[in-house]
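Hi,

Here is the structure I promised to pass on to you.

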Amino acid sequence: MTITLGFEDGTLRVESDRESDPALGSLPGVKGDPRSGTARAPAHHYAAIRDVLHHVDADVVDTVLGTDPVSLTTSYELREYQQDALNAWLDNNRRGVLELPTGAGKTVIALAAMAACDEPTLIVVPTIDLLEQWQCELETEFEAPIGRLGGGEQRVEAVTVATYDSAYLRADELGDRFGLVVFDEVHHLGAEGYQDIARLLAAPDRLGLTATFERPDGAHETVAGLIGSRVYTIDTDELAGDHLAPYEIRRIEVELTPEERAEYDDAQGTFVDYVRSSNIDFTSGSDYRQLVKRSGNDPQAREALLAKQRAREIMMNADNKRHQLGRILDGHREDRLIVFTAHTELVYDLSERFLIPAITNETGAGERREILQRFRDGEYSRIITANVLDEGVDVPDANVGVVLSGSGSEREFTQRLGRILRPKADGGRAILYEVVSSETAEERVAQRRR
């Protein structure tokens with residue numbers, strides 16, 4: 001008996017020289033395809049199918065990966081915890097997710113994994129900034145041409161870095177070109193469309209990198225099924241002082257003004273009253289999506305959502321937060337400081353008020369690079385941003401962070417903390433201020449997270 005495996009448009013084509021072969025039905029994900037008269041499976045089942053066929057009494061003709069080995073070496077020497085992370089992944093059949101804090105050297109571990117596998121590799125990243133950072137790192141580390149998919153370029157090489165968007169568009173045609181795929185900021189793979197990237201690639205070796213793997217919508221479980229479960233995790237406290245800067249978090253509560261309090265209580269009350277009357281308890285993200293759907297044809301649901309949005313804007317942009325920021329800035333004149341907010345409008349207001357360079361999603365790539373370079377060179381000692389520096393950007397060293405507002409998620413808070421944790425030359429301590437409006441939902445979220 002001979003079984004033949006091939007790749008075609010994001011699927012595996014499985015054929016046997018027997019007219020009816022029950023062995024095919026036992027292979028993971030394989031189903032009959034009446035259109036072609038063959039059996040097929042989504043490409044991501046390739047590793048599992050290959051493993052099963054090792055124990056089947058049959059000759060196997062495997063043409064799935066039309067790739068040649070590549071020789072990759074890295075000059076990095078891994079720290080003990082980085083080596084432990086790499087070993088955990090290797091011991092798990094080269095599949096799984098590594099969860100390490102921002103600044104812990106996840107990219108270095110990925111380069112070591114690539115060198116250990118010596119396979120054509122696709123690296124998938126969420127932003128153009130990360131695309132450029134990875135391309136630069138790969139070109140510096142490996143003596144090989146580096147392909148790029150994204151940012152106006154479509155060039156495929158044995159080692160290629162791509163944005164999630166570009167990989168999504170081309171995964172079905174490129175699925176047989178790579179033996180290893182690295183998903184940076186792998187929590188993005190949980191998005192419904194992006195999941196198809198992993199499904200359409202045949203790469204048997206799969207590595208996910210993130211500082212926070214779990215998603216509120218539970219989609220990390222789907223990601224685990226596509227690339228492997230979390231095989232290694234280490235938290236910030238375990239690395240602080242040795243490999244990351246020691247740090248402290250200072251939470252400062254500010255009062256709403258009487259006018260803000262009255263408006264907040266009114267808006268929040270409208271929202272809470274509707275939720276109680278509708279028996280929605282928000283035990284999962286699907287409950288909020290249900291409310292959003294209702295708002296399309298239920299005027300009261302729409303009013304409740306608008307009221308909730310207004311309450312969030314009041315507590316996040318409270319006037320006393322501006323005054324508190326001024327006091328923090330005065331107390332850290334000699335420090336390198338990043339201010340984080342949730343709203344672009346607030347960024348521009350504070351930028352003008354305190355003469356701080358601003359970076360938002362409206363800031364052009366050239367201007368952003370210039371601001372960050374001046375921050376890196378010491379020409380600027382502080383910058384302010386709305387969300388765009390949370391992940392996917394190589395932010396120069398800072399030792400003080402100020403969180404004025406945000407989504408309240410554990411992931412966002414961890415990423416912002418990570419921006420100030422790179423080890424300091426003087427061994428100094430990093431400080432993260434979290435400024436929250438007292439007696440609001442923002443205060444309750446901060447208390448749960450701690």
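Arg230 counts as partly exposed, at 33% relative accessibility; here buried means under 20% relative accessible area, exposed over 50% and partly exposed in between, with a 1.4 Å probe and protein chains only. Arg230 forms a salt bridge with Glu214, and the closest N and O atoms are 3.4 Å apart. A salt bridge is a side-chain nitrogen of Lys or Arg within 4 Å of a carboxyl oxygen of Asp or Glu. Glu214 lies in the loop between S12 and H8 and Arg230 in strand S13 (residues 230-233), so this pair ties together parts that are 16 residues apart in sequence. Helices (H or I, at least four residues) and strands (E, at least two) are DSSP runs, numbered from the N terminus. Glu214 is partly exposed too, with a relative accessible area of 47%.

Before I go on, a word on the model. It is a predicted one, in which local features need pLDDT of at least 70 and side-chain atom pairs count only at pLDDT 80 or more, while totals for chains, interfaces and linings use all residues. Residues are numbered from 1 along each chain as its sequence is written, and side-chain values use heavy atoms, with hydrogens and water left out.

Back to the charged pairs: the structure holds 25 salt bridges. One of them joins the side chains of Asp129 and Arg368, at 2.4 Å from N to O. Asp129 is in helix H5 (residues 128-141) and Arg368 in helix H15 (residues 365-377), so the pair ties together parts that are 239 residues apart in sequence. Asp129 is buried, at 18% relative accessible area, and Arg368 also counts as buried, at 12%.

Lys321 and Glu442 meet in another salt bridge (2.8 Å, N to O). Since Lys321 belongs to helix H13 (residues 319-331) and Glu442 to helix H17 (residues 441-449), this pair ties together parts 121 residues apart in sequence. Both Lys321 and Glu442 are buried. There is also a network in which salt bridges with shared partners join Glu132, Arg148, Glu153, Arg155 and Arg369.

Next, the nonpolar side. A nonpolar core is a set of buried Ala, Val, Leu, Ile, Met, Phe, Trp, Tyr and Cys residues joined through side-chain atoms within 4.5 Å. The largest one has 53 residues, and those with the most contacts inside it are Leu98, Met114, Ile123, Trp134 and Leu138. Helix H4 (residues 106-117) gives the most to this core, with seven residues. The core draws at least three residues from each of domain 2 (80-240) and domain 3 (247-254 + 318-448); the domain bounds come from an automatic or database domain assignment.

What does Trp134 touch, leaving aside its neighbours within four places in sequence? Trp134 is in contact (heavy atoms within 4.5 Å) with Thr107, Ala110, Leu111, Ile123, Val125, Val161, Asp184 and Leu209. A second, separate core of 23 residues includes Ala167, Val223, Leu226 and Ile227.

Three of those names come back in helix H8 (residues 220-227), where the buried residues are His220, Val223, Leu226 and Ile227. Seen down the axis of H8, these fall within an arc of 115 degrees, so they line one face of the helix; the arc is that of the directions from the helix axis to the C-beta atoms. On the other side of H8, Glu221 and Gly225 are exposed. Strand S6 (95-99), strand S11 (180-184), helix H7 (195-200) and strand S12 (205-210) are among the parts that cover the buried residues of H8. Just after H8, Gly228 takes a positive phi of about 115 degrees.

Two backbone spots may interest you as well. Most residues other than glycine have a negative phi. Glu185, not a glycine, has a positive phi of about 50 degrees; Glu185 sits in the loop between S11 and H7 and counts as buried, at 11% relative accessibility. Leu355, also not a glycine, has a positive phi of about 55 degrees. Leu355 is in the loop between helix H14 (344-354) and strand S16 (358-359) and counts as exposed, at 74% relative accessibility.

Best wishes
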